[in-house]
Structures are given as structure tokens and as C-alpha cells.
Amino acid sequence: MFASTIENNVLELLPHVEFRGQITTVTTKSQVLFAVQYLSDQPVLGFDTETRPRFSSGRMYMPALLQLSDGNRAFLIHLKKTGLPPEIQAILSNPAIIKAGAAIKDDIAGLQRYASFEPAGFTDLQDMVREYGIVEKSVKKMSAIILGKRISKSQQITNWEAYPLSNAQAIYAATDAYVCYCIYNKLIAHSNEKKTPRQRMYEEILVSADSLLRDESDHVANMANVSALIKEKFNFWWVGFYRVDSKAKELILGPFQGPAACTRIPFGRGVCGTCWQQRKTIIVPDVEKFPGHIACSSRSRSEIVVPVFDRERNVRAVLDIDSEKINTFDQMDRQYLEELTGLFKNNY
Ligand code: SME
């Protein structure tokens, strides 16, 4: 576990950390395109911005520099020269690319003064560390506690609108993004150690489903792929969707994996119809003890049914998973499967 806090005199004794990878300065359109091509392939980026310091209480300057680092490379984007081009905005709006930084709200607000992009995929380390019992919020202290490394802040109050930046400024700026990248990865690795294989399997499914569903709006295709992902990973007896037919007030069988199943289930009937009616996940540890359970297969012993909502919170389908074993599903399954069905809402 991590220490909740660290004294300055202890911090000063820690080894120094400085970004040693390749630093790329971005000022032209072609450099933007090169940076974007590289950065778009990275699942996690350390993120930071630098703004010219304000010495009187006048208005805030716009951020001068945007730093993004994947650990091997750091890109220093000179916003005063490039603005915030749509290609960079696409990275900042891409939910599949994690941008990890500290106090990112201010950085995002600054960047939005260049262009009104929709931020997605941002993780604030200040929020994240709380779950690990860490009370410190500065990158310097978070770095000391989590990485055991000391970062220098000597360049913080320098002119970030200068071009070219001094070597010390460039290293400082790159290090800030790099350290955020390292802190994020260390925290994730730490929480993964505590995860069960089953949790990790769900997380792998979520990553695949997220990218599949983002590029496809057809529900049948998406339900087919999600059923396949779950079946492949866990080999449950039956995995599939029933879609809501509001006019007929019944559920109709949708894409599934497993043996042939009942095609229509009335509203409020069986586990699936009850899930639709109650608009919530239903876990059935033993199907024989669920009054009204519809036995499409005698081999099904336990079951979980999760609603699929649209953006207006109407139930549009249910995801049904059946197991040959008793007591297969618990709250952990519910949590991950609700996250999974939540991915459909953007398509409805
Ligand atoms: N058991 C479900 C019916 C669907 S099949 O299990 C595939 C129910 O009671 O609604």
C-alpha cells in the first residue's frame, strides 16, 4: 500500500526523476500529423499543459504548451503556433485514449479557449489517488509517494510562450506529462494485482466491446459481438439478448450464443420479462427457486439478466446469461455487465 502523505524533508532525499526519452517539439501542421499518428495508437498518455505565469491579478493567459507522453516519447505542442487542431481535439475527445493528469479541469478549460472540443477519456490523478488512501494532491508529492521519485519544479515559473523553449524547460514540461503517465500506470498495476482473474476477464471484454461498439451503430451486429465476447471468454451455457417490442409488449430473441432458445417472452414474465418490468438487473442463484422462471434449457441452473437502456433510460433489450452451475453470478458480475450494457446507450 502507499503512504497517505510525505514530509518535505523525506521527499528531498528521494532520487530525482527526469524524462529521458525522445522529446518532439510540435509547431507545424506536418508535426501535428506525425504526433497524432503516434499518439493515437497509445492507450494511455500522460497529460499536462503549461501557461505563462501571471504576475498580477490580470486575466489568465491561454495555455502555451500541451504535453502528451506515452512513456517513450513526449510531444510538446506549442499551442500559440498550432492552435488546437481538429486532429489533436480528436485525441482529447477519444474515450479509448486515457489522458492522465493532475487537476485536469483547469487544463481542459484552458484548452477549450482554443476550441470547444468534448473531453473524453480523461483521468484525474488527484481523484484516483484518493481510492488508494493518498491525501496529497500535488504531482510532486504524488510522484514521491507512488513512484518514490522527486521531480524538480525549478522551471515552473518561466515564460512558456517562449520559442524555442530552453532545454531545461523542455525537459521539465516533458517530465510533468511523463510522471503523470507513470503514476497512472503504477496505480493501475497496483489495483490489478488485487483483481481476480474473473474481474480481469470482464475488463478485457469491456475494452474490446468499447472499441467494437464505438465504430458500429447497428444493434444486431453489436449484440452479436457482445454475446460472442462473453461466450468466448467465460464459456457460459447461454449468452444473448432479447429485444423489447413495446407494441407487442414482449421480448423477442436477438443475437445469442448457445443452444436454441424461446423466441418470445411477455413483459413481466420469466427472469427476462421481470428484468424489463423492474428495470434492474436480476441475479438468480438457483433457477428452480425463481417463481415463473422460463426454462429454455434444462441445463441452465443459475442466471443473470441485465437491462440495456437507451439515453432516455427506456429499456430497449435485456442481456441474459445462463450458467450450468448453481450460484454463478454475484454483484461483481452485475457491476461489469451493467457497464457493458451501458455501452449500448450511445447507439440508441
Ligand atoms: N430463463 C429466461 C428465458 C430465456 S433463456 O434462459 C435463454 C427467463 O426466465 O426469462
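The secondary structure of this protein comes to 12 helices and 12 strands, where helices (H or I, at least four residues) and strands (E, at least two) are DSSP runs that are numbered from the N terminus. The model is a predicted one, in which local features need a pLDDT of at least 70 and side-chain atom pairs count only at pLDDT 80 or more, while totals for chains, interfaces and linings use all residues. Residues are numbered from 1 along each chain as its sequence is written, and side-chain values use heavy atoms, with hydrogens and water left out.

Taken along the principal axes, the C-alpha atoms of the protein fill a box of roughly 70 × 45 × 35 Å. Of the 348 residues in the protein, 49% are buried, a term that stands for under 20% relative accessible area, with exposed meaning over 50% and partly exposed in between (1.4 Å probe, protein chains only).

**The ligand and its shell**

The space taken by the ligand is the largest cavity. On a 1 Å grid over the protein atoms alone, a cavity is a set of points where a 1.4 Å probe fits but cannot get out, and a molecule sits in a cavity if more than half of its atoms lie within 2 Å of its grid points.

There are 13 residues around the ligand, and V271, C272, I294, E303 and D322 come nearest; a residue is near a molecule if one of its heavy atoms lies within 4 Å of it. The residues of this shell divide into eight nonpolar, two polar and three charged, where Ala, Val, Leu, Ile, Met, Phe, Trp, Tyr, Cys and Pro count as nonpolar, Asp, Glu, Lys and Arg as charged, and the others, Gly among them, as polar. At least two residues of the shell are supplied by each of β7 (238-245), α11 (270-278) and β12 (315-323), and the largest share, three residues, comes from α11.

| Residue and its atom | Ligand atom | Distance |
|---|---|---|
| V271, backbone N or O | oxygen | 2.9 Å |
| H293, polar side-chain atom | nitrogen | 3.3 Å |
| I294, polar backbone atom | nitrogen | 2.8 Å |

The protein covers 99% of the 310 Å² of accessible area that the ligand has on its own, with accessible areas taken from the Shrake-Rupley method with a 1.4 Å probe.

**Some buried residues**

S227 lies in helix α10 (residues 219-234) and is buried, with a relative accessible area of 0%. A polar atom of the side chain of S227 lies 3.4 Å from the backbone oxygen of P255.

D286 has its place in the loop between β10 (282-284) and β11 (302-309), and with a relative accessible area of 15% D286 is buried. A polar atom of the side chain of D286 lies 3.0 Å from the backbone nitrogen of E288.

D70, in the loop between β3 (63-69) and β4 (73-78), counts as buried at 5% relative accessibility. The C-alpha atom of D70 is separated by 20 Å from that of N192, the two residues being 122 residues apart along the chain.

D320 is placed in strand β12 and counts as buried at 5% relative accessibility. Between the C-alpha atoms of D320 and G110, which are 210 residues apart along the chain, the separation is 45 Å.

Key: Polar contact = N/O pair within 3.5 Å; in protein donor to acceptor, adjacent residues only side chain to side chain. 1 Å grid on protein atoms, 1.4 Å probe; cavity = no way out; pocket = protein on both sides within 12 Å on 5 of 7 lines; lining within 4 Å.
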